[in-house]
Amino acid sequence: MKDLLCDEFQETVGELLIRHQSILDVITKYQESCARTNRAVVKAVTNCGCLKVEAEKHPLPPDASLEDLRKLRDSHLRGKICDQCREIVEDEIGRSLFYLAALCNILDINLYDCFIKEHKKLNTLSIFNMR
Ligand SMILES: [Zn+2]
């Protein structure tokens, strides 16, 4: 069911993508949409104030176990995103997905195959995948 939805999404993007057929348009629009997503998160901090960033270096003990590393994980984010900011961030993520699907279309890559491939990779690498 989910793979059908992803495939349908990719097909719909292909049907709607009349203006941006050029790979140059698509990759620059995709990059722009990623930047806009980041900008929307930053605006939640600097304009709205529903989120706050508190970042500092956490010293890692040389003999730290994986469990210790888990406990030391920190998003550096405080607060909770408000409904208005969430809406904006979700819109920008949606736009990014649109151009990602468009990029896949141009390169004849199936987006869902990418999800599956990456998911398998993550499952294999598990905790050691520190990307
Ligand atoms: Zn907000």
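Which residues coordinate the zinc ion? In this predicted model, the zinc ion is held by the SG atoms of Cys48, Cys50, Cys82 and Cys85, at 2.3 Å.

## The zinc site

The four donor atoms make angles of 104 to 116° with one another at the zinc ion, and the site is tetrahedral. Four donors count as tetrahedral if all angles lie between 85 and 135 degrees. Along the sequence, the donor residues follow the spacing C-x1-C-x31-C-x2-C.

Cysteine 85, at 8%, counts as buried. The cut-off for a buried residue is under 20% relative accessible area.

## The chain as a whole

The protein chain contains five helices and two strands. Read along the sequence, these elements follow the pattern α-α-β-α-β-α-α. The radius of gyration of the protein chain is 19 Å, whereas the globule rule gives 14 Å for 131 residues; the chain is therefore more spread out than a compact globule. Its C-alpha trace spans about 55 × 40 × 30 Å along the principal axes.

Of the 131 residues in the protein chain, 18% are buried. The chain exposes about 10,100 Å², and carbon and sulfur atoms supply 57% of this area.

Helix α4 covers residues 83-107 and includes serine 96. Is serine 96 buried or exposed? Its relative accessible area is 10%, so serine 96 is buried. Apart from residues up to four places away in sequence, serine 96 touches Tyr30, Ser33, Cys34 and Thr37.

The model has one aromatic pair. This pair is formed by phenylalanine 98 and tyrosine 99, with ring centres 5.0 Å apart and ring planes at 85°, so the arrangement is edge-to-face. The cut-off for edge-to-face is an angle of over 60 degrees between the planes. Tyrosine 99 itself is buried, at 9% relative accessibility.

## Leucine 60 and leucine 66

Leucine 60 lies in the loop between β1 (51-53) and α3 (66-72). With a relative accessibility of 53%, leucine 60 counts as exposed, because the cut-off for that class is over 50%. How far apart in space are leucine 60 and asparagine 47? Their C-alpha atoms are 33 Å apart, while the two residues are 13 residues apart in sequence.

Leucine 66 belongs to helix α3. Its relative accessibility is 34%, and leucine 66 therefore counts as partly exposed. The C-alpha atoms of leucine 66 and alanine 101 are separated by 36 Å, and these residues are 35 residues apart along the chain.

## Two residues with positive phi

Most residues other than glycine have a negative phi. Histidine 76 is not a glycine, yet its phi is positive, at about 65°. Histidine 76 is located in the loop between α3 and β2 (77-79). At a relative accessible area of 23%, histidine 76 is partly exposed.

Aspartate 108 also has a positive phi, near 55°, and is likewise a residue other than glycine. Its place is in the loop between α4 and α5 (111-125). With a relative accessible area of 72%, aspartate 108 is exposed.

## Helix α5

Which helix holds cysteine 114? Cysteine 114 is placed in helix α5. At 34% relative accessibility, cysteine 114 counts as partly exposed. Cysteine 114 and serine 75 are 39 residues apart along the chain, and a distance of 26 Å separates their C-alpha atoms.

Key. Residues numbered from 1 in each chain as written. Predicted model: local features only at pLDDT ≥ 70, side-chain atom pairs only at ≥ 80, totals over all residues. Heavy atoms only, no water. Helix = DSSP H or I, 4+ residues; strand = E, 2+ residues; numbered from the N terminus. Buried < 20%, exposed > 50% of the residue type's maximum accessible area, 1.4 Å probe, protein only. Contact = heavy atoms within 4.5 Å. Donors = N, O, S within 2.8 Å, 3.2 Å for Na, K, Ca; no water. Tetrahedral: all angles 85-135°; square planar, octahedral: opposite > 155°, others 65-115°. Rg over C-alpha atoms; globule rule 2.2 N^0.38 Å. Areas by Shrake-Rupley, 256 points an atom, 1.4 Å probe, with all protein chains shown as cover. Phe/Tyr/Trp six-rings, centres within 6.5 Å; stacked < 30°, edge-to-face > 60°.
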